[in-house]
Amino acid sequence: MKVNEEIMEASLMISDYSSVTWDMFFMKKPVLFYQFDYEKYEQYEGSYIDMETQLFGERALNKQELVHLVDEYAQHDFQLKPYYEKLHSEYFKYTDHNNSKRIFDAIEDLN
């Protein structure tokens, strides 16, 4: 199955550091960041965002935290929490199907 099809069918995504989480969040679906190896990741990879304060989903550092968060979202039909709803509207100015048109128009305006 293709990743985009999986995202469309999923109710929640669990990931570590993958940028595919942005696609899930764009669709207003919850993302959980399971970062059991956070210290190693920071040491060897680093990140363009602060993983402790700038994530657009909740963060679990161990299995118990992750299971608790999955259960919590399942009990609420996998809806985004109000904080992440607000964050979504701040991150994404447009959530329609006109991105290609806006890009085309912007290129046209350069001429």
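The charged end of Arg102 sits over the ring of Tyr94, 3.6 Å from the ring centre. For a charge to sit over a ring here, NZ of Lys or CZ of Arg has to be within 6 Å of the ring centre and within 35 degrees of the ring normal. Bear in mind that this is a predicted model, where local features need pLDDT of at least 70, side-chain atom pairs count only at pLDDT 80 or more, and totals for chains, interfaces and linings use all residues. Residues are numbered from 1 along each chain as its sequence is written, and side-chain values use heavy atoms, with hydrogens and water left out.

Now for the rings. A search of the whole structure turns up ten aromatic pairs. Rings of Phe, Tyr and Trp (its six-membered ring) pair if their centres lie within 6.5 Å; planes under 30 degrees apart are stacked, over 60 edge-to-face, and the rest tilted. Two of the pairs are set out here.

| Pair | Geometry | Centre to centre | Angle between planes |
|---|---|---|---|
| Phe25 and Phe92 | tilted | 5.8 Å | 55° |
| Tyr34 and Phe36 | tilted | 5.1 Å | 50° |

Phe25 lies in helix α2 (residues 21–26) and Phe92 in the loop between α5 (82–91) and α6 (99–109), so this pair ties together parts that are 67 residues apart in sequence. Helices (H or I, at least four residues) and strands (E, at least two) are DSSP runs, numbered from the N terminus. Both Phe25 and Phe92 are buried; buried means under 20% relative accessible area, exposed over 50%, and partly exposed in between (1.4 Å probe, protein chains only). In the other pair, Tyr34 counts as buried at 18% relative accessibility, whereas Phe36 is exposed at 55%.

Phe25 and Phe92 also belong to a cluster linked by ring pairs, together with Trp22, Phe26, Phe33, Phe56 and Tyr91. Leaving out residues up to four places away in sequence, Phe25 touches Val31, Phe56, Leu80, Tyr84, Leu87, His88, Tyr91 and Phe92, with contact meaning heavy atoms within 4.5 Å.

Phe25 turns up again in the largest nonpolar core, which has 21 residues; Phe25, Val31, Leu32, Phe56 and Tyr84 touch the most other members. Such a core is a set of buried Ala, Val, Leu, Ile, Met, Phe, Trp, Tyr and Cys residues joined through side-chain atoms within 4.5 Å. The elements giving two or more residues to it are α2, β2 (31–34), α4 (63–75) and α5, and β2 supplies the largest share, four residues.

What about a charged residue? Glu58 lies in strand β3 (residues 58–60) and is buried, at 17% relative accessible area. Its side chain makes a polar contact with the side chain of Tyr73 (2.8 Å). A polar contact is a pair of N or O atoms within 3.5 Å; within protein, one must be able to donate a hydrogen and the other to accept it, and residues adjacent in sequence count only if both atoms are side-chain atoms. Beyond its neighbours within four places in sequence, Glu58 is in contact with Val31, Leu32, Phe33, Leu69, Tyr73, Lys81 and Tyr84.

Over in helix α6 is Ile103, which is exposed at 52% relative accessible area.

As for the whole chain, there are six helices and three strands, running α-β-α-β-α-β-α-α-α from the N terminus. Of the 111 residues, 29% count as buried.
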